[in-house]
Amino acid sequence: MERNPKDDFLKAITDPGILYENAPCGYLSFTANGKIVKINQTLLSWLGYKQSEVIDKLYYTDLISRGGRIYYEMFYMPLLQMQPNVNEINFDFQRIDGSKFPALINSTAFKDSNGSMVAINATVYDITDRKKYERELLEAKKQADAERNKFELLSDLIPEMVFTADASGEINYINKRFTSFFGLPDGSFSAIVILSKIHHRDRFKLFRNWKRAVAIGEEVQIEVRLHNQDGSYKWHLVRALPIKGMDGKIEKWMGSCTDINRHVAAIQHLDEFISVASHELKTPITSLRASLQLMDRLITQQGEPRLMMLMAQSKKSIEKMNSLVDDLLNTGNIKEGQLVLNIRQFDVSEWLDNTCSHVRLAGKYQLHIKCQRGLTVYGDEHRIDQVIVNFVNNAIKYAPLSSDIFISAYRDNGQIIVAVKDNGPGIAPDKVPYVFDRYFRVSHSGAEYSGLGLGLYICAEIIKRHGGRIGVESIIGEGSTFWFSLPES
Ligand code: ADP
């Protein structure tokens, strides 16, 4: 008769004999004095014995290591005398060839009505793999600890203050420089202690930026004042970078705090000087402009070509000087929060049709304007025009060979985006994040451009004051697109 595979399957999972003999663990039964009376095939094959060599011939202690035997005598049997079950006991079993394997043993004792032990049933699990994983884990932990020690040793040697944080942003290490700067003699710290060392004006700013960086997993960079153990506050540039694992998930953060106190003091002196100098320069420039206008009229009446040419050059220079001094004055006003805005609603298309008349009149550069109809914004039209004029002037200055400049305005997600695109040399990616910073200038290889590094800073401040955003996309050799967004009115 043909065998039905289904019958084999049912037999395999229901027949107690098969289940016992071929279970995925070893079964063993022995008497109170340790003589083995039953053993399954699984355990026999692990040990290398035949059934006839074991049953009624060997004792439990014959199958286990010397260490196991001591454990058996001192703990295992006394425990079984006291309680019916002894679980999760771990010692080595010994094969017929003398080799060993680690095992986990669970045992149940059966007692007669007088309480004397009759037999013990035990299950045996081969935990070689588990031990291997444990060893590997231990090895990995040892290596990680060694790496960490090496890192901490190195970071204690460098003059910079460094820290690390876990993936959630919790600071878990600060180096010796840090603890001695803060004056924490025993090196102990906590999030509260660190927060208390940040100037109260910078605390929230740092906290907010840090939380944001951790949430989006991006590098953070921020200037804050930290409390020195000598009682003073010192400006520091705090930077933190996420360290990602193979799976792209953030494993930890590494950060540094660089002392920029002298740099900040120098900038403050420069600001003060610029503020005084620009105010002093503005009055004579204004009267010089007025005198030049009068002289211009007289010279035009005389019609002397050489004088007219000199007058045109003088007017150009005084306008340039005037706009530089305006930039300096604007910077001072912005810094002191004195940028006054004259807000009203205006039509974007009308404004763009009239912007940059100086460029159209000169005729050297072509402005291509593409604007969606019906866009209106609330803002100071004069200030916003200052932004677009700055973008266009920069396009002319830094991309002199590209005679086409493209201005576009469109609606995007409730925002009005205005962009100025040139086909100039572009800006190196590592410089892009800083172009809107005060006094920041990019050196362009082979070309010298005059400037103060204030134009884009002023633009950024004007747009920020309007609740908008500003940015640039640039590709070296292809050009730059400077843009800003404003909420649509
Ligand atoms: P300034 O022109 O006085 O240097 P800005 O703040 O206007 O100051 O510009 C900052 C820097 O950004 C400039 O030094 C320049 O290198 C760079 N930059 C601005 N616009 C462009 C542009 N369209 N193409 C290339 N580089 C630009």
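Helix H15 is mostly covered, with 9 of its 11 residues buried; buried here means under 20% relative accessible area, exposed means over 50%, and partly exposed lies in between, with a 1.4 Å probe and protein chains only. Before I continue, please note that this is a predicted model, in which local features need pLDDT of at least 70 and side-chain atom pairs count only at pLDDT 80 or more, while totals for chains, interfaces and linings use all residues. Residues are numbered from 1 along each chain as its sequence is written, and side-chain values use heavy atoms, leaving out hydrogens and water.

Helices (H or I, at least four residues) and strands (E, at least two) are DSSP runs, numbered from the N terminus. Among the buried residues of H15 are Gly455, Tyr457, Cys459 and Glu461. Their cover includes H11, H14, strand E16 (469-475) and E17. Just after H15, Gly467 takes a positive phi of about 75 degrees.

Let me turn to the cores. A nonpolar core is a set of buried Ala, Val, Leu, Ile, Met, Phe, Trp, Tyr and Cys residues joined through side-chain atoms within 4.5 Å. The largest has 47 residues, of which Val348, Trp351, Ile388 and Phe484 touch the most other members. Elements that each supply at least two residues of this core include helix H11 (305-335), helix H14 (381-398), helix H15 (455-465) and strand E17 (479-487). Which residues does Trp351 touch, not counting those up to four places away in sequence? They are Phe346, Glu381, Ile384, Asp385, Ile388, Val418 and Phe484, where contact means heavy atoms within 4.5 Å. A second, separate core of 29 residues includes Ile36, Leu43, Val54 and Ile64.

In soluble globular proteins, nonpolar side chains tend to be buried together. Phe75, found in helix H5 (residues 66-82), counts as partly exposed because its relative accessibility is 44%.

Finally, the hairpins. Strand E8 (residues 220-227) pairs with strand E9 (residues 233-244) in the antiparallel sense over 8 bridges; pairing requires that DSSP find at least two bridges between two strands. Val224 has His236 in E9 as its bridge partner. The hairpin of E8 and E9 has 5 residues between the strands, and Gly231 in the turn has a positive phi of about 100 degrees. E9 also pairs with strand E10 (residues 250-259), in the antiparallel sense and over 9 bridges. There, Trp253 in E10 is the bridge partner of Pro242. In the hairpin of E9 and E10, with 5 residues between the strands, Gly248 takes a positive phi near 85 degrees.
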